[in-house]
Amino acid sequence: MRAYLSERMGAALLMAPLLLFLVLAYAWPFLGVVKWSFTLPTPGLGQYNALLTDDLVQSVFIRTLRIAAIVTVVSVAAAYAITVVWVRGTPAQRIIAEFCILVPFWISVLTRAFGWVALLSNRGLINTWLQGIGFISEPLALVRNEFGVIVGMTHFLIPFAVFPLASSMRSLDDRVLLAARGLGSSRMRTFWSVFVPMTRSGIIGSAMIVFVFSLGFFVTPAILGGGRSVMIAELIYLRIFQSPDWGLGAAISVVLVLFVGALMALLFRYVRPKQLI
Amino acid sequence: MPTYRPGPVSLVLAVLVALFLLLPLLAVIPVSLTPSRMLAMPSGELSLRHYRALIEDPRWIQSILLSIRIGVVSSAFSTVLALCFSLGVWMFQPRFTAALVGFVLLPMVVPPVVSAITLYFLLTSISGFSSFFGYDTWLGVAMAHAVMTVPFATVLILVSLSQLDRRIDLAARGLGATVWERATRIIMPNIKFGIITAALLSFVLSWEEIGVTLFITSVNAITLPRLMWMGLRDNIDPAIAALSVILIIITVLVLAVRSVVVRLRGAQ
């Protein structure tokens with residue numbers, strides 16, 4: 001009995017500090033934000049009503065969903081192409097692919113967004129080069145619009161899309177693929193009708209991760225969108241700091257959390273968490 | 001046994017994706033060497049003036065030192081908390097483990113902007129009765145970063161614990177070791193690598209954190225990413241390109257050393 005009690009005490013003592021820290025520094029202030037959404041500027045459901053009627057908020061929500069959907073499709077497809085080589089290439093191909101995935105992954109989001117500004121802006125690499133060869137006379141508008149945001153976000157999210165795909169491709173049995181080839185199926189057909197269907201859980205997992213990440217994305221859209229292609233996260237920032245309307249910012253945050261929570265619940269019905277690492 | 005290798009179409013597509021991934025990192029190199037005061041491609045002559053600006057302008061050095069201080073404090077704090085929590089989970093396997101771990105992972109899955117507004121609420125509330133710990137103070141930023149990095153540290157430590165053989169702990173327990181001895185002399189030496197990785201990852205995540213930092217600082221606690229953000233938003237300062245080149249070179253070196261070490265360990 002004493003041993004049992006000391007076990008319980010040990011577990012409690014070890015686990016309590018982190019749980020207490022997160023309750024005080026995360027759960028409690030989140031409830032504070034929820035309270036803001038119901039009390040600022042006046043108590044009631046006014047902010048949630050505004051969410052449903054305000055044209056600006058609605059257009060930002062729709063733009064965010066549209067950009068997130070495009071970024072998801074492009075990132076997962078691009079990640080798939082490089083993951084195939086990373087997981088199933090020759091040793092030399094694997095090292096190169098790993099380098100190309102991990103270097104951007106570890107570099108800060110600001111540096112990466114800045115790299116795209118350097119490439120895409122009016123006096124950036126691409127416009128300078130295209131004007132230099134006389135292909136265009138006026139610089140193309142590649143940044144400070146939705147195109148720039150999509151390019152930058154896709155670049156940021158490809159490495160995140162790679163990991164679930166890699167785990168599903170690693171666990172795939174080679175003999176099935178060799179059997180398909182041996183039975184006379186072409187490379188293309190083996191890929192589309194055997195390889196891709198067997199990595200389904202990886203595709204779903206990576207699409208969900210990318211989509212959820214894109215919904216709350218802040219830095220890249222703020223830099224590459226140049227204030228013209230505002231997404232939800234930037235709208236929250238603007239409501240808190242520029243046109244102080246804390247209640248609305250808080251209400252948008254609450255809706256965003258609920259939406260992401262629902263998506264995650266949906267994800268875990270199809271994929272087990274372990275398959276995502 | 002022969003393995004199934006990617007064909008030529010896969011290789012071409014993968015090369016295109018690889019170029020897309022590396023392109024913006026390469027693009028900052030020429031920009032960092034431009035003699036112009038604004039963002040432009042160098043035309044003809046090259047200059048190191050933006051690299052010099054990094055050393056000469058005290059703001060860069062100050063923000064680098066501040067980022068290191070915040071990174072070290074928040075990483076130490078979050079690693080210790082994550083280690084204790086994970087040891088509790090692994091050694092005692094309490095009821096509701098899944099729910100408790102899920103709670104700890106929340107800051108990792110909640111959209112960062114929501115965590116940011118949450119921590120903004122927390123720190124402005126603290127500012128009401130404390131001037132050195134709250135909104136726009138380095139301690140406040142360190143605490144906020146600890147909230148954001150602790151889920152990652154916990155995941156890493158739990159993963160390395162899951163690879164540990166329970167029987168060595170059972171043997172120690174059977175021989176009469178106390179909880180403290182089991183934790184410090186049996187378990188921790190075996191997950192050393194996981195603990196170090198957790199601390200390093202927490203430091204790196206704090207070092208480059210911007211989403212939350214933007215909400216909780218204004219003029220005093222200017223971390224390096226915060227300073228870069230200011231330079232990116234207002235008029236684009238090529239000193240950021242010089243800094244980016246340095247950060248990219250460090251990243252490439254660290255990854256190269258790591259991959260050599262991993263391969264040597266594998267060869268042994």
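The following legends describe close-up views of chain B and of the side of chain B that touches chain A in a predicted model. Local features are reported at pLDDT of at least 70 and side-chain atom pairs at pLDDT 80 or more, whereas totals for chains, interfaces and linings use all residues. Residues are numbered from 1 along each chain as its sequence is written, and chains are lettered from A and ligands numbered from 1 in the order in which they are written.

**View 1. Overall architecture of chain B.** Chain B holds twelve helices and zero strands; helices (H or I, at least four residues) and strands (E, at least two) are DSSP runs, numbered from the N terminus. The C-alpha trace spans about 75 × 70 × 30 Å along its principal axes. Of the 268 residues of chain B, 44% are buried, where a buried residue has 20 or more other C-beta atoms within 10 Å of its own, an exposed one 12 or fewer, and a partly exposed one a count in between, with C-beta atoms placed from the backbone. Among the contacts in chain B with a separation of 6 or more, 73% join residues 24 or more positions apart; two residues are in contact if their C-beta atoms, placed from the backbone, lie within 7 Å.

**View 2. The side of chain B that touches chain A.** Contacts link 70 residues of chain B with 67 residues of chain A. Elements giving two or more residues to this side of chain B include α1 (8–32), α6 (138–162) and α12 (239–267). The largest share, 15 residues, comes from α1(B). By residue type, this side of chain B comprises 60 nonpolar, eight polar and two charged residues. Here Ala, Val, Leu, Ile, Met, Phe, Trp, Tyr, Cys and Pro count as nonpolar, Asp, Glu, Lys and Arg as charged, and the others, Gly among them, as polar.

**View 3. Helix α6 of chain B and its kink.** The end C-alpha atoms of α6(B) are 35 Å apart, in agreement with the 36 Å that its 25 residues should span at 1.5 Å a residue; the expected span is 1.5 Å times one less than the number of residues. A kink of about 40° lies at B:Thr149, shortly before the proline B:Pro151. The bend at a residue is the angle between axes fitted to the seven residues ending there and the seven starting there. In α6(B), 18 of the 25 residues are buried, so the helix is mostly covered.

**View 4. Surroundings of B:Gly231.** B:Gly231 lies in helix α11 of chain B. This residue is partly exposed because 19 other C-beta atoms lie within 10 Å. Beyond its neighbours within four places in sequence, B:Gly231 is in contact with B:Asp237, B:Ala239 and B:Ile240. The C-alpha atoms of B:Gly231 and B:Leu201, 30 residues apart along the chain, are separated by 26 Å.
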